[in-house]
Amino acid sequence: MEQPHTGQNAPAGLVGGVFGLAKNLLGLIISRLELAALEFSEIGGNLLKIVILLALALTAGWFAIAYWSVLIVVLAWDTWGWKILLLMALAFTVLAVGLALYARSVLRQGKIALPETMAELRKDRDALL
């Protein structure tokens, strides 16, 4: 006796459901990876430009700081003596701490955290749980 033909090529039952679920899950993972790759490519180009500009700016900045510091020390040495070195050290320490705190605040704002990808992953997690 022949089984009635339902027009579906997929096996029926529990195994078919598991395979369908695995297929959908694989498709979901692939689409999320494509989204992340797209965001990384956009971020990557801009990040490379920023890194190169930052390296050049840091190099020029260090030379400027070094020459200005030497000039200030030479000009103030006759009147201040060793105290000018203490003043310069304190000023640069305050500057370094301020820049470190600013960098930490930028990182905490999540500006480089792939917001769209993370939002999609959160939605996926919520849908699965």
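So, the buried residues of helix 1: in this predicted model, they are G16, R32, A36, E39, S69, V73 and A76. What sits over them? The cover includes helix 2, residues 83-108, and helix 3.

Setting aside residues up to four places away in sequence, D124 touches L28 and R32. D124 belongs to helix 3, which runs over residues 115-128. Is D124 buried or exposed? D124 counts as buried because its relative accessibility is 14%, under the 20% cut-off.

Now, the shape of helix 1. This helix covers residues 14-80, 67 residues in total, yet its end C-alpha atoms are only 86 Å apart. A straight helix at 1.5 Å a residue would reach 99 Å. Where is the kink in helix 1 centred? On V74, with an angle of about 30°. Then, just after the helix, G81 has a positive phi of about 70°.

The largest pocket holds about 850 Å³ of space. Its lining has 22 residues, and those nearest the centre are L54, L58, L99, Y102 and A103. Which helix gives the most to that lining? Helix 1 does, with twelve residues, and helix 2 supplies at least two. By type, the lining residues split into 18 nonpolar, two polar and two charged.

Thanks, everyone, and happy to take questions!

Notes. Residues are numbered from 1 along each chain as its sequence is written. This is a predicted model: local features need pLDDT of at least 70, side-chain atom pairs count only at pLDDT 80 or more; totals for chains, interfaces and linings use all residues. Side-chain values use heavy atoms; hydrogens and water are left out. Helices (H or I, at least four residues) and strands (E, at least two) are DSSP runs, numbered from the N terminus. Buried means under 20% relative accessible area, exposed over 50%, partly exposed in between (1.4 Å probe, protein chains only). Contact means heavy atoms within 4.5 Å. The expected span of a helix is 1.5 Å times one less than its number of residues. The bend at a residue is the angle between axes fitted to the seven residues ending there and the seven starting there. On a 1 Å grid over the protein atoms alone, a cavity is a set of points where a 1.4 Å probe fits but cannot get out, and a pocket is an open set with protein on both sides within 12 Å along at least five of seven lines; lining residues have an atom within 4 Å of a point. Grid points are joined across faces, edges and corners, and a volume is the space filled by probe spheres set on the points. Ala, Val, Leu, Ile, Met, Phe, Trp, Tyr, Cys and Pro count as nonpolar, Asp, Glu, Lys and Arg as charged, and the others, Gly among them, as polar.
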